[in-house]
Amino acid sequence: MTTTIIKTTTKILAPLILVFGSYIILHGHLTPGGGFQGGAVFASGLALLIVANKYDAVKSLFEKAPLSVFESIGALGFLGMACLGFAGYTFFKNIIANSGFPLFGGKTPTGINPGYLNTGGTLPYMNIFVGIKVLAGLTSIVLVFFLIMRRERDEW
Amino acid sequence: MIEHLPALIIAIPLFGAFIAPLFKKKQSIAAVWAILITAITVILSLMLMYQVRLHGIIVYVFGADKPTIVLPSGYKVPIRIMFEIDGIGAFMAISATLMSFVGALYSYSHVKAESGLEKYYALLLLLEVGILGMVLTGDLFNLFVFLEIAGIAGSALVGFRNYRGEASEAGIKYLIVSAVASLMVLFAIGILYGEYGNLNLAYISRQVSLSTLDMIAFGLLFASFAMKCGSVPMHYWVPDAYTEVPAGINPVLLVSTYASLYALFRVSFTLFANVSISLERVGWIMSVLGVLTMFIGVTMALVQKDVKRLMSYHAISQTGYMLLGVGVGLTVLHNSDALAEFGRTAMAGGIFHIINHIIYKSLLLMTAGALFYVTGTRNLNEMGGLARKMPITTLCFIVGAAAISGLPPFNGFASKFLIYESSYRLNPLLAVFAMVTSILTLASFVKVFASAFLGPPLEKFENVREVPRPMIVAMVILALLCILFGLFPDVVLNKIVYPAVDALINVAQYQSWGGLA
């Protein structure tokens with residue numbers, strides 16, 4: 001499968017896709033998209049990299065990458081952000097928004113505006129955690145398919 | 001902290017489920033972790049029941065400033081996701097948490113030799129979250145989300161022993177059934193949302209008129225939840241799924257089936273409660289479906305040779321009793337004389353039968369799992385003479401078999417007797433079918449008892465010993481509950497069953513969020 005065409009295209013496209021995925025995750029609270037969509041885009045970039053590389057290189061790289069730990073971290077982070085609301089309010093209450101917290105705690109302006117990244121409170125945090133979980137989950141699915149397919153081909 | 005109870009009961013098992021995969025290196029810690037988390041949820045659900053009995057319906061609005069702000073300032077309609085917990089929700093929550101605890105305890109020894117246990121326990125806890133969310137939520141779309149969580153976690157657990165081809169097949173079958181059911185649910189929710197512009201159960205139930213679109217939505221919801229609770233003619237997935245799932249998951253999977261039954265009741269009693277004319281017809285459909293389910297289930301169970309498969313067909317048949325009991329109540333819901341006379345009793349019988357059946361069927365499936373654990377086979381023809389080797393398992397089996405056949409003084413008798421008495425008043429034929437089913441049940445369990453436990457000891461089972469202690473403890477807990485519920489049915493009925501029945505009947509309370517708006 002790994003031809004020169006795929007390798008060359010991947011070199012140009014993969015960084016673009018990864019950056020675009022991160023952009024969708026980070027701007028989830030301003031523009032269409034969010035953690036799930038961005039994570040899926042990011043994972044598709046990783047899938048491209050997996051397909052374009054050799055079996056052994058992919059295997060040795062991902063043996064070190066703790067994908068299932070990333071999944072747990074994503075979910076736990078999301079839950080943790082939701083639990084912040086227990087401090088005086090309710091579960092899932094957005095207590096960071098408009099609070100002046102340095103990261104994503106800025107005051108949301110009303111009216112027509114270009115969208116300010118430093119707003120949104122817990123939403124961007126949740127997007128980031130969901131993004132981590134989705135990219136780890138989807139990548140491990142692609143990886144399982146890739147490794148199983150290749151192994152069977154070697155056995156033929 | 002007590003006002004956050006509804007959120008905590010979801011958050012704690014979710015937390016447990018996501019921590020569990022981190023115990024990849026030490027899988028026995030994952031087991032202990034799951035037992036600990038499920039034990040905490042049992043305590044939380046008991047507290048929840050206590051709160052519901054004390055204060056009536058509990059509303060928890062997510063993301064609001066206070067848990068009880070249903071209508072934010074300036075709005076006429078609820079816009080946030082909320083949990084609305086009444087008697088029946090708390091009742092189902094107790095069943096779910098108790099069975100998850102027993103299942104986790106049993107799994108500690110039962111699946112010890114398998115690999116990938118950290119994922120097993122993560123999925124067990126996720127399945128518990130799915131069930132708890134389904135029974136506590138007051139929001140239609142949230143119901144769908146938790147239905148999906150329970151369905152996906154359940155199908156992964158059904159296919160857990162993926163080195164067996166049958167397990168993978170059963171897992172995929174369960175996945176397809178769940179997907180079809182939840183897609184139909186989603187479609188129906190879409191119809192209702194398009195019509196009324198809201199997803200809140202209580203709000204929609206106040207607006208519902210029986211337009212053609214509503215009828216379509218009701219039909220879809222009814223059919224898909226009936227499919228997921230394994231009623232005839234959509235029962236085909238039950239035997240496969242219950243047979244192949246590891247016995248420690250059986251209790252939780254049973255509760256997840258009855259969470260769909262709960263959703264069926266919620267849809268018929270609350271969502272479409274205003275539609276008084278055709279509810280009688282729906283009640284009859286439910287009762288007849290119940291009779292068909294119990295009779296077809298038991299006749300198919302009689303011919304089985306695989307011990308777990310036989311018990312799975314009995315699970316179908318017992319679901320029929322619940323449908324019959326509650327269906328009789330639904331038929332006379334708008335006829336207050338008949339409701340007071342026998343409708344309420346019938347519903348109490350049906351709902352009491354849910355928890356009774358969960359207890360004794362889990363017990364039976366666990367004894368079947370114990371037989372599989374020591375003999376390595378589920379074929380009844382290859383077993384024999386195990387009573388001497390496994391005395392405690394045998395005793396537990398006798399208790400479970402007597403309970404499922406409705407013999408006094410076990411718990412099955414208490415709920416079945418209520419159903420016989422009250423369904424007789426609606427139509428004697430219903431009660432006749434229910435009794436015949438009970439007799440056939442007894443017959444098939446006599447067969448299991450004779451072929452697995454009685455008879456001369458077989459040579460190949462000479463070295464068989466009693467199963468490990470955690471499995472024994474889990475089985476004995478359930479056997480004791482069988483006896484206790486049978487000896488003191490009035491306590492259980494008054495404390496948890498009648499509040500649940502009244503919650504279903506008293507729609508006005510639910511529609512006004514317990515008087516908050």
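B:F433 counts as partly exposed, at 29% relative accessibility (buried is under 20%, exposed over 50%, partly exposed in between; 1.4 Å probe, protein chains only). B:F295 falls in this class at 28%. The model is predicted: local features need pLDDT of at least 70, side-chain atom pairs count only at pLDDT 80 or more, and totals for chains, interfaces and linings use all residues. Residues are numbered from 1 along each chain as its sequence is written, chains are lettered from A in the order in which they are written, and side-chain values use heavy atoms, without hydrogens and water.

The structure holds 25 aromatic pairs over all chains (ring centres of Phe, Tyr or six-membered Trp rings within 6.5 Å; planes under 30 degrees apart are stacked, over 60 edge-to-face, the rest tilted). B:F295 and B:F433 pair edge-to-face, at 5.4 Å centre to centre and 85 degrees between the planes. B:F295 lies in helix α11 of chain B and B:F433 in helix α16 of chain B, so the pair ties together parts 138 residues apart in sequence (helices are DSSP runs of H or I, at least four residues, numbered from the N terminus).

Chain A gives 14 residues to the contact and chain B 20 (heavy atoms within 4.5 Å). One salt bridge crosses the interface of chain A and chain B (a side-chain nitrogen of Lys or Arg within 4 Å of a carboxyl oxygen of Asp or Glu). A:K93 bridges to B:D65, with the closest N and O atoms 2.6 Å apart. On the side of chain A that touches chain B, helix α4 (residues 67-83) of chain A gives the most, with six residues.

Note on methods. Helix = DSSP H or I, 4+ residues; strand = E, 2+ residues; numbered from the N terminus.
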